[in-house]
Amino acid sequence: MSLNKDFFLTLIGQGGVGKSSLCGVFLKDRFSTSYNPTEEEFYRQTIKIQNKIVNLFISDVKASGDSLSETILKSQGLMFVYDISNKESYDEVCKLYRKIIDSKSCEFITKILIGNKCDLVDNREVSFEIGMRTAAEWGCKFIEVSAKNNDKVILAFTECAFAFIKSAEENTETRSSFCERACCIL
Ligand SMILES: Nc1nc2c(ncn2[C@@H]2O[C@H](COP(=O)(O)OP(=O)(O)OP(=O)(O)O)[C@@H](O)[C@H]2O)c(=O)[nH]1
Ligand SMILES: [Mg+2]
């Protein structure tokens with residue numbers, strides 16, 4: 001089945017975990033050691049995965065305060081990012097996850113949990129196992145990446161887009177088989 005899909009993906013996580021760095025590495029193969037907090041940035045990138053074209057719309061937003069932005073609430077995919085060398089950032093991403101599932105149906109949302117800064121092994125505060133266990137509870141994939149070393153960054157975005165394609169296809173198939181079964185000639 002050929003598919004040309006728009007996929008709206010938002011990166012969320014505590015300030016400083018590396019969301020903009022991940023976007024920079026994925027989209028421009030560029031990493032900067034300086035830190036400039038982001039208000040809101042939007043990007044568009046067309047990618048091809050297994051002969052399927054996906055128009056990827058990426059939002060890099062500040063997720064703070066009590067209210068969740070429209071951008072987050074309207075996303076089809078959420079990339080939950082924490083920093084493996086900062087336990088507080090892991091706690092924060094879990095808090096954000098709970099806040100989001102309380103306010104929107106997460107069942108049909110493509111999710112991925114990302115532990116960034118895996119180059120900082122000596123300062124690790126969140127084990128790989130905790131990341132794995134959390135992702136299993138959330139029913140999503142988990143990848144540890146390093147924007148600094150360009151380690152598995154492309155994989156993180158493509159895995160997420162691939163999961164989206166898969167669920168879009170499954171939903172279409174479910175819908176069409178339901179329509180076939182539901183069809184009744186009077
Ligand atoms: N060692 C290391 N540092 C990283 C990595 N990714 C990002 N950083 C650094 O972490 C700092 C924050 O990165 P940003 O990408 O700006 O973080 P952010 O999540 O976009 O932060 P906000 O825009 O405030 O939400 C910067 O100094 C980056 O250079 C990484 O994989 N390893
Ligand atoms: Mg940023």
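Let me start with a term: a nonpolar core here is a set of buried Ala, Val, Leu, Ile, Met, Phe, Trp, Tyr and Cys residues joined through C-beta atoms within 7 Å. Buried means that 20 or more other C-beta atoms lie within 10 Å of the residue's own, exposed means 12 or fewer, and partly exposed is in between, with C-beta atoms placed from the backbone.

Okay, housekeeping. What we have is a predicted model, where local features need pLDDT of at least 70 and side-chain atom pairs count only at pLDDT 80 or more, while totals for chains, interfaces and linings use all residues. Residues are numbered from 1 along each chain as its sequence is written, and chains are lettered from A and ligands numbered from 1 in the order in which they are written.

So, the overall layout. The protein chain has five helices and six strands; these are DSSP runs numbered from the N terminus, H or I of at least four residues for helices and E of at least two for strands. Along the sequence, the pattern goes β-α-β-β-α-β-α-β-α-β-α. There are 186 residues in the protein chain, and 34% of them count as buried. Take the contacts between residues at least 6 apart in sequence: 71% of these join residues at least 24 apart. A contact, by the way, needs C-beta atoms, placed from the backbone, within 7 Å.

Now back to that core. Which residues touch the most other members of the largest nonpolar core? They are Leu 22, Met 79, Phe 80, Val 81, Ile 114, Ala 156 and Cys 160, out of 39 residues. Several elements, including S1 (4–12), S4 (77–83) and S5 (110–116), each supply at least two residues of this core. H5 gives the most to this core, with six residues. As for Leu 22, leaving aside residues up to four places away in sequence, Leu 22 touches Leu 11, Val 81, Asn 116, Ala 147 and Val 153.

Let's look at helix H3, residues 87–103. Its 17 residues should span 24 Å at 1.5 Å a residue, and the end C-alpha atoms are 25 Å apart, which agrees. That expected span is 1.5 Å times one less than the number of residues. The buried residues of H3 are Ser 89, Tyr 90, Glu 92, Val 93, Leu 96, Tyr 97 and Ile 100. They cover an arc of only 160° around the axis, so they sit on the same side of H3; the arc is that of the directions from the helix axis to the C-beta atoms. Over on the other side of H3, Glu 88, Lys 95, Arg 98 and Asp 102 are exposed.

Next, the ligand. How many residues surround ligand 1? It's 21, and the closest are Gly 15, Gly 18, Ser 20, Ser 21 and Thr 38; to be near, a residue needs its C-beta atom, placed from the backbone, within 6 Å. Helix H1 (residues 19–28) brings the largest share of that shell, three residues.

Most residues other than glycine have a negative phi. Gln 50, though, has a positive phi near 45°, and Gln 50 sits in the loop between strand S2 (40–49) and strand S3 (52–61). Gln 50 is exposed, with 8 other C-beta atoms within 10 Å. Asn 150 also has a positive phi, about 50°, in the loop between strand S6 (141–144) and helix H5 (153–182). Asn 150 is partly exposed, with 14 other C-beta atoms within 10 Å.

Terms used
Two residues are in contact if their C-beta atoms, placed from the backbone, lie within 7 Å.
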